[in-house]
Amino acid sequence: MTRVLVTRALPTGGLEPLVGDGHDVVQRAGDTPYTQAELTELVATVDAVVCLLTDRIDEPVLEAGAASHLRVVANVAVGYDNIDVDAARRLGVAVCNTPGVLDETTADAAFLLVLAASRLASEAERDLRRGAWSGWGINQYLGNDVHGATLGLVGYGRIGRAVARRASGFGMQVLHHTRHPTDMPGYVGSLDDLLAESDVLSIHVPLRDSTRHLIGARELALLRPHAVVVNTARGPVVDEEALADALHAGTVFAAGLDVYEDEPTVHPRLLSAPRTVLLPHIASASRATRTQMARVACQGVCDVLAGRRPENLVTA
Ligand code: GLV
């Protein structure tokens, strides 16, 4: 009997592929992650793991699994910076993720942040809720127009392109930068040029060594003072401290963030920064999308355990 560890309760229906294939599912109830010690012990008892981005699947965990009969780890996320993929490859453990199914939902959330940050929605709502709104005022909460603005996308994968589609509907001019030329309209070869031309900057690159602090103090200084920064990718792509400094100094107008460098901790100077919309990593959080993500991850496990090549193999 094949055993699959599922590290958290998943949305209803998410486990269907595993159940359908008759795997024995060992599932953690509730929403708290296992400790590293618990994970290390449990992986040695299973053939597969379905995990979340808050589980750290590091080398010791993978070694413990591979020394026993672990064959595949499937992340219920498109980003997989929580998994030591090099170690998995070396140990012959397959890694899968869930690209594709969350693009539109994540792009919706990125656009929510573009709009909310540009129009100072959080500040205005906060004042209203605490009884600090004295009535309509011609000089109140003066944000930036989104229509007609230039959107600079850092990264132009599925999610970046889904954001671009929304931006066109808002009459934005859309530019993008990627490491390798895309040959698509709006491509800007230099990140510095993209920064200088963007009214709104939205980040859509995975977290890798090469993208850690890709947007730091130097890059933020290249933005124009009315610029808005949006991050729905991974927190460490932006130097949070530098962004907080720029927001406090007013050298960046506003920010909309869904991800943080050290989740669930949020840098205190970001919490106190003006004109900042902060969401708790919910960009893919629609019921339908989270269910679909769980199913896709479970399907990846089923494929590997049945000897098929999964569609979303990271360790290819
Ligand atoms: C969410 O952050 C994901 O990577 O799917």
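Guide: Axes here are lines fitted to C-alpha atoms, for helices over the stretch in contact, and angles run from 0 to 180 degrees between N-to-C directions. Helices (H or I, at least four residues) and strands (E, at least two) are DSSP runs, numbered from the N terminus. The model is predicted: local features need pLDDT of at least 70, side-chain atom pairs count only at pLDDT 80 or more, and totals for chains, interfaces and linings use all residues. Residues are numbered from 1 along each chain as its sequence is written, and side-chain values use heavy atoms, with hydrogens and water left out.

Visitor: How are H2 and H3 oriented to each other?

Guide: The axes of H2 (residues 36-43) and H3 (residues 59-67) come within 7 Å and cross at roughly 20°. Angles under 35 degrees count as roughly parallel, over 145 as roughly antiparallel, 65 to 115 as roughly perpendicular and the rest as oblique. H2 and H3 are therefore roughly parallel.

Visitor: Which residues of H3 make the contact with H2?

Guide: Contact means heavy atoms within 4.5 Å. On the H2 side it is made by Gln-36, Leu-39, Thr-40 and Val-43. On the H3 side the residues are Pro-60, Val-61, Ala-64 and Gly-65.

Visitor: What is the orientation of H5 to H7?

Guide: The axes of H5 (residues 103-118) and H7 (residues 158-169) come within 8 Å and cross at roughly 55°. That angle makes H5, relative to H7, oblique.

Visitor: How many charged residues are in the contact of H5 with H7?

Guide: Asp, Glu, Lys and Arg count as charged, Ala, Val, Leu, Ile, Met, Phe, Trp, Tyr, Cys and Pro as nonpolar, and the others, Gly among them, as polar. Among the residues that meet are Asp-103 and Glu-104 in H5 and Arg-158 and Arg-165 in H7. By class, the contact has seven nonpolar residues, one polar and, for the charged, six.

Visitor: Is Asp-303 buried or exposed?

Guide: Buried means under 20% relative accessible area, exposed over 50%, and partly exposed in between (1.4 Å probe, protein chains only). Asp-303 is found in helix H12, and leaving aside neighbours within four places in sequence, Asp-303 is in contact with Arg-308, Arg-309, Pro-310 and Glu-311. At 11% relative accessibility, Asp-303 counts as buried.

Visitor: What is the omega of the cis peptide bond that joins Glu-263 and Pro-264?

Guide: Most residues other than glycine have a negative phi, and most peptide bonds are trans. Pro-264 lies in the loop between strand S10 (254-257) and helix H11 (268-271). The cis bond from Glu-263 to Pro-264 has an omega of about 5°.

Visitor: What is the phi of Leu-120?

Guide: Leu-120 is in the loop between H5 and helix H6 (121-129), and at 7% relative accessibility Leu-120 counts as buried. Leu-120 is not a glycine, although its phi is positive, at about 55°.
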